[in-house]
Amino acid sequence: MRERFATGFDPFVLPFLIGMVFVLGYCFFGIFRILYQLPKDDRRRFLVSLITPRTALKNVWDIFCNCLLHVKLWKRNKLLGFMHSSIAFGWFMIILLGHLEVFIYCPERVHLFYYPIFFNYFVAENESTIGGAVLFFLMDFFLLLILTGIGLAIVKRVRSRFFGMRRTTRPSLLDRVGLYSLWAIFPLRLLAESFTAHISGGSFLTIPANWVFRQFLGNDLNLLPTWWAYSIVLGVFMVVLPFTRYMHIPAEMMLIPMRNAGLRIRHPRKGFAKVQVLSCPGCGVCIDACPMSAQKVNIKDCTVYLNRQIRRGNEKRIEEISDKCLLCGKCEAVCQVGVEGPRMRVAQRSARRYGLTPDFAAIDTAPLSRAASAAFSGAAGATGAAGAAGAAAGAAGVAGAAGAAGASGASGVAGAAGGAGVAAGAAGVAGAAGAAGAAGAAGAAAAGVAGASKVAFFSGCMTRLTPSVGKAVCSLLDKAGADYVWLDREEGLCCGRPLLTAGRIDAAISLIRKNEEVILGSGADTLVLSCPICYKMFSERYALPGVRVVSYADYFDEFVQQGRLRFEKSDICYVYHDPCELGRGCGIYESPRRLLGQAAGIAEAEKNREESVCCGGSLGSLTLDFAHREVITRKSLENLYSSRADAIATACPLCLSTFRRYSDRPVRDLAEILDASCRL
Amino acid sequence: MENKNVLVIGGGIAGMEAARRLLQLGCEPVIVEQSDHLGGHVAGWHKLFPDMMSAPELVEQMAAGLDGVTVYYRTRVANMNRLGSGYSVMLSNGMSLQCGAVLISTGFRLFDASKKEEYGYGVYDHVVTNSDLEAWFGGAPDDRIPDSPARVAFVHCVGSRDLKAGNPQCSKVCCMTAIKQAIEMKEKFPSAEVWCFYMDLRLFGKKYEDFYIAAQRDHGIHFVRGRVSEVSEDIHGHVVLKAEDTLAGTPVKLNADLLVLMAGMLCNDDTQGLARMVHADVDSDGFMRSRDNIYRINESNRPGIFFAGACTGTKTVPETVAEARAAALDIYNYLNGRD
């Protein structure tokens with residue numbers, strides 16, 4: 001080993017050095033700014049997680065797997081996975097090995113940023129030593145790996161279809177500068193090292209190249225210019241990096257620890273949201289995934305473009321994109337870095353200010369919960385009279401609270417003054433209590449066998465618009481002998497999800513508090529939901545101590561395991577559509593399939609589970625009109641038709657009514673199918 | 001007239017009236033009817049507004065003028081294409097016809113009320129449609145209709161003017177039908193309360209407004225302006241409606257013993273198949289496209305293909321009859337080479 005230059009410096013390193021200092025400075029400044037932007041408790045949480053051994057180890061592991069090896073991408077698309085990991089991992093290894101070389105051969109130069117990068121220029125080593133041979137071999141090997149990746153990247157740019165991508169993003173001008181400089185870095189490195197190989201040594205790639213070049217290039221005059229070129233493209237790449245999609249490389253290393261620390265988006269643009277935006281690599285996987293891309297006009301409304309517009313600060317487009325989204329969550333499911341597209345959009349929506357904010361504080365929930373608690377068999381069994389008295393009192397309470405006209409009961413039309421949301425006729429609540437009371441009494445005998453669980457069934461607005469589902473759920477609960485009450489049969493409050501998805505978080509929370517009062521006051525210990533939109537809301541946002549919140553699919557699945565429900569298999573074959581909110585939203589994929597498999601034949605669509613296509617009816621979109629939704633629905637149906645099943649099954653009343661509008665074959669809810677084939 | 005044969009597709013009132021007039025003009029109409037009787041929807045109706053004329057009697061009266069017209073029942077057009085100056089037609093019963101002109105009078109189909117699930121048709125015990133109620137008026141038994149209902153509710157515009165249901169058009173007749181049926185219910189059950197939930201009342205025809213005023217003044221029928229948002233059922237089997245009274249600005253709730261849904265009109269699906277056979281245009285609303293909607297409603301964009309009645313859009317009975325007569329004359333002139 002010998003150093004070729006006593007100074008250890010040559011002006012060609014300057015472009016690289018400038019770029020390096022710039023990008024490091026930018027990132028350090030960025031890290032501090034983002035930390036400063038985080039809310040205080042989030043910041044503490046994040047910093048603590050960094051020094052907690054378990055999360056710290058997880059961070060390192062996740063960064064290694066995702067940023068370098070691109071494990072998630074491998075699982076999705078092997079060719080793309082290879083392309084990305086060969087570049088990322090190869091580059092990482094070259095940098096690492098460069099540092100290793102410096103450490104081994106000239107430790108006194110360790111403080112120089114550029115030394116590991118341009119090692120072969122400054123240090124002449126002979127590959128005949130064991131160390132040299134191994135290191136040079138590895139260097140060449142990883143360079144070859146990167147060059148293969150770059151070759152694939154060039155093919156991908158020209159023909160993305162070879163990689164199974166129908167559509168990809170159009171890079172902006174700076175993105176192109178970054179892209180071309182990235183492509184140029186490694187071929188130039190190969191050239192530079194090849195020209196230097198007869199002086200500084202090389203391996204299987206650089207030595208033969210050196211030999212070839214020497215056949216027609218008689219001197220070393222081209223040696224320095226190639227090192228200059230190599231340094232310049234590195235410099236260019238690093239200077240443009242913060243303004244291109246390649247910012248995702250450093251940003252993702254921040255995103256992973258923040259996600260592991262359990263942070264949530266609290267501000268539409270700052271802190272965690274900022275990291276998410278910067279972490280978007282602009283790969284465009286979300287374009288093909290987005291159900292709206294069924295139509296060309298909506299292609300530019302998927303998450304990759306949201307991130308791009310946020311980076312550009314185009315407020316008009318940000319608002320358009322945020323409002324249009326169905327919040328189906330598919331972009332998040334397929335995203336390689338885990339950008340939370342739906343949450344980003346809700347955060348954008350929450351920044352809007354409204355003149356009027358609904359206030360639900362005035363709603364008196366006592367009558368609703370009292371009516372429910374009186375209906376359970378325990379209450380009815382103890383003192384029937386007390387239950388009836390309670391119901392009567394409840395009726396009066398509601399009439400009083402709503403300020404309904406005294407005549408309302410008589411005429412049958414109750415006008416609830418103020419439109420407070422509870423438009424309750426006195427007769428209505430009394431009827432509910434009576435109804436539920438009767439049901440409770442009927443189920444009382446069975447309840448002895450079933451255990452003492454008091455079940456509240458919350459159907460939600462959507463199930464009320466598809467009454468056959470509510471009927472079927474009740475029928476199944478009856479057949480299983482559950483002690484239950486249909487909590488919002490006559491009167492009920494919204495779960496708050498539409499307000500939440502519209503970004504009106506405070507209003508949603510005030511509604512949530514009211515619903516919590518009703519449920520806790522009812523004395524139920526289990527809350528069964530037939531609508532996954534409500535279920536997601538109840539399981540994520542509600543504080544219901546002592547109450548188990550369960551989706552009807554999981555609940556009936558348990559009944560089957562306990563032998564409380566039995567089905568006779570029909571010969572109809574259903575394809576099961578995973579509703580966004582139940583599948584991607586709550587991770588429930590298996591129990592509906594298990595149940596369906598017991599009651600009927602089951603087939604799978606081409607895209608299912610995490611990849612299921614939104615039905616187009618989602619409450620999430622604020623601006624998408626029916627014509628556009630129809631196209632999405634038809635596209636989603638096509639995916640289901642691909643299974644060649646006789647009929648479609650789903651477990652969401654909204655998917656149900658949306659599909660029924662356009663489907664050419666029967667669409668049924670899971671509960672309807674189960675109820676029809678239930679054998680006692 | 002080279003070829004006096006005219007194929008009339010659909011034996012509803014439009015087809016019957018056109019065939020009768022064509023016969024009088026010396027043509028030879030052939031009616032192809034998919035069901036086993038003439039008269040279409042009107043034959044199953046009880047009484048027609050505004051004169052409360054008996055619908056079956058009207059159909060009978062119209063049928064009396066059809067002596068000499070060939071009618072193929074339970075028959076459809078299997079194939080039809082242009083041949084020379086006329087059309088060559090294959091029927092599903094194996095018959096083949098050469099005709100000089102074709103009249104499409106395929107009418108409409110009723111919106112399937114069960115598609116508006118929130119109204120509970122087919123789910124709850126006491127929900128019927130306008131056509132079910134009319135059949136019951138005509139004497140057909142229906143156990144969904146209680147013996148002595150205390151409260152009856154009508155919901156207008158079920159599947160009409162409803163983008164969600166895929167039908168933006170107004171069905172034209174349901175406002176009046178609802179008022180007519182409300183009065184009939186009130187006459188049958190004088191002690192019952194009758195409620196109509198409407199979004200607009202479109203009472204454009206002769207004497208329609210009188211009907212509406214009489215319904216309020218003489219029969220005490222309640223009209224609430226607002227769409228019904230959802231319908232549920234209580235333990236006693238009552239239908240519980242929730243709506244917003246948009247004039248009073250309050251939510252409204254009603255317990256009723258019977259709910260009547262005013263199902264709207266859609267184009268017959270089969271008509272679009274016919275249109276494809278002869279390359280006639282279909283309009284954006286799914287109905288047939290006339291050459292224009294003012295002066296040439298009876299004419300299609302293809303020579304020798306004519307329209308009458310609700311196949312080009314929602315129509316009342318008198319409009320349909322008038323159009324049928326006009327179409328007959330148009331066809332006669334067409335066959336005689338006059339424009």
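Start by selecting residues 315-324 and 341-350 of chain A, which are helices H15 and H17 of this predicted model. Their axes come within 9 Å and cross at roughly 120°. Viewed for handedness, the crossing of H15(A) and H17(A) is left-handed.

Show side chains next. On H15(A), the contact is made by Ile318(A), Ile321(A), Ser322(A), Asp323(A) and Lys324(A); on H17(A), by Arg345(A), Gln348(A) and Arg349(A). Sorted by class, the residues of this contact are two nonpolar, two polar and four charged.

Now move to chain B and select residues 13-24 and 55-64, helices H1 and H3. The axes of H1(B) and H3(B) are 9 Å apart, and the helices pack at an angle of about 30°. Angles under 35 degrees count as roughly parallel, and therefore H1(B) and H3(B) fall in that class. H1(B) passes H3(B) in a left-handed crossing.

Which residues of H1(B) and H3(B) meet? From H1(B), select Ile13(B), Met16(B), Glu17(B) and Arg20(B); from H3(B), select Val59(B), Met62(B) and Ala63(B). The contact of H1(B) with H3(B) has five nonpolar and two charged residues, with no polar ones.

Stay in chain B and select Glu118(B), in the loop between strand S10 (108-110) and strand S11 (127-129). Is Glu118(B) buried or exposed? Its relative accessible area is 17%, and the limit for burial is under 20%, so Glu118(B) counts as buried. Apart from neighbours within four places in sequence, Glu118(B) has contacts in both chains: Leu465(A) and Pro467(A) in chain A, and Ser229(B), Glu230(B) and Val231(B) in chain B.

Return to chain A and display the whole chain. It has 32 helices and twelve strands. Of its 680 residues, 56% count as buried. Among contacts in chain A with a separation of 6 or more, 74% are between residues 24 or more positions apart.

Finally, colour chain A by pLDDT. The average for chain A is 85, and 89% of the residues score at least 70. Then select residues 380-450 of chain A, where pLDDT stays under 50. For residues 380-450 of chain A, the model has 82 contacts beyond four places in sequence.

Key
Residues numbered from 1 in each chain as written. Chains lettered and ligands numbered in written order. Predicted model: local features only at pLDDT ≥ 70, side-chain atom pairs only at ≥ 80, totals over all residues. Heavy atoms only, no water. Axes fitted to C-alpha atoms, helices over the stretch in contact; angles between N-to-C directions. Helix = DSSP H or I, 4+ residues; strand = E, 2+ residues; numbered from the N terminus. Left-handed = near helix turned anticlockwise from the far one by under 90°. Contact = heavy atoms within 4.5 Å. Nonpolar A, V, L, I, M, F, W, Y, C, P; charged D, E, K, R; others polar. pLDDT = per-residue confidence, 0-100. Buried < 20%, exposed > 50% of the residue type's maximum accessible area, 1.4 Å probe, protein only. Parallel < 35°, antiparallel > 145°, perpendicular 65-115°, else oblique.
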